[in-house]
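Dear colleague,

Please find below the structure that I am handing over to you. My findings come after it.

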Amino acid sequence: MRKKIIAANWKMNMTVNEAKSFLDTFVRELGDESRAEVVVIPPFTALAEVSNRLTDVQNVKLGAQNLHWEKSGAFTGEVSAAMLRELFVRYVVVGHSERRTLFGETDATVNKKARAALDATLKPIVCIGETLAQRDANQVEQVLEMQLKGSLAGFSAEELQQMVLAYEPVWAIGTGRTASPEQAQEAQAFIRKTIATIADPATADKIRIQYGGSVKADNASALMSQPDIDGALVGGASLDPRGFAEIVKATCKLQD
Ligand code: PGA
């Protein structure tokens with residue numbers, strides 16, 4: 001059985017002080033719950049402090065929101081995989097729709113970032129998802145297949161098994177408009193089927209696929225109980241430590 005993975009994508013929110021106070025509450029609320037894997041993904045500026053605070057916390061892992069594919073050099077404003085790894089970052093988001101739309105990320109750059117991450121033993125969380133216009137034009141499967149093939153080109157089956165995919169329909173991100181559990185399940189079953197053709201059925205069976213887009217405490221159970229939804233990438237609702245803990249707990253209940 002795939003262990004569910006719930007990640008808090010804080011985006012451009014949380015100063016270091018805010019992150020500290022979030023963790024104080026969240027770690028207490030979470031207790032020793034470990035039936036789901038939990039990842040906190042702060043902005044770069046709070047990574048070191050969050051990493052320090054998590055030293056003695058076994059059931060919360062650290063993630064980063066982005067990385068550059070080069071190892072070092074003249075890339076002002078960018079951060080390398082090694083810099084993240086040194087802070088005990090375990091996961092890194094690549095290809096988030098905000099990065100794709102606002103910062104020109106493409107399947108080709110997502111592919112390079114995922115490669116750099118894996119080479120540094122960081123696990124990429126590769127985000128894909130269609131826009132509303134693409135959904136309305138019945139292009140969901142076509143878009144997902146193209147993003148998967150482009151983003152995941154050149155990876156072996158073993159490498160793919162290290163990755164997490166996140167299905168995030170663009171129209172559901174930050175809009176309060178969640179995909180229905182059936183819509184998300186349908187898309188995610190298609191993603192898994194596509195992985196079986198890109199790699200093999202065993203890899204498709206192992207790879208975890210998160211859903212992201214307006215996940216909240218009150219819709220988490222219905223989404224997370226779908227057979228091809230293996231966790232959530234949570235934005236807005238992950239900024240409240242109690243609310244985020246509730247999402248994790250609702251998911252953990254399903255693991256029994
Ligand atoms: P949201 O964001 O939960 O605020 O919709 C999800 C995401 O962008 O990862």
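The model is predicted, so local features need pLDDT of at least 70 and side-chain atom pairs count only at pLDDT 80 or more, while totals for chains, interfaces and linings use all residues. Residues are numbered from 1 along each chain as its sequence is written, and side-chain values use heavy atoms, with hydrogens and water left out.

Ligand site

Around the ligand there are 13 residues (a residue is near if one of its heavy atoms lies within 4 Å). Those that come nearest are K11, H96, E168, G174 and S214. By class, this shell holds 4 nonpolar, 7 polar and 2 charged residues (nonpolar: Ala, Val, Leu, Ile, Met, Phe, Trp, Tyr, Cys and Pro; charged: Asp, Glu, Lys and Arg; polar: the others, Gly among them). An N or O atom in the side chain of K11 is 2.7 Å from an oxygen atom of the ligand. The side chain of E168 likewise places an N or O atom 2.7 Å from a ligand oxygen, and for N9 the corresponding distance is 3.5 Å. Of the 280 Å² of accessible area that the ligand has on its own, the protein covers 95% (Shrake-Rupley method, 1.4 Å probe).

Pockets

The largest pocket has a volume of about 450 Å³ (a pocket is an open set of points on a 1 Å grid over the protein atoms alone, reached by a 1.4 Å probe, with protein on both sides within 12 Å along at least five of seven lines; lining residues have an atom within 4 Å of a point; the volume is the space filled by probe spheres set on the points). Of its 16 lining residues, K11, M12, Q65, R99 and F103 are the closest to the centre. The lining comprises 6 nonpolar, 6 polar and 4 charged residues.

The second largest pocket holds about 300 Å³. Its lining has 13 residues, with S51, L54, T55, F88 and R90 nearest the centre.

Kind regards

Conventions:
Polar contact = N/O pair within 3.5 Å; in protein donor to acceptor, adjacent residues only side chain to side chain.
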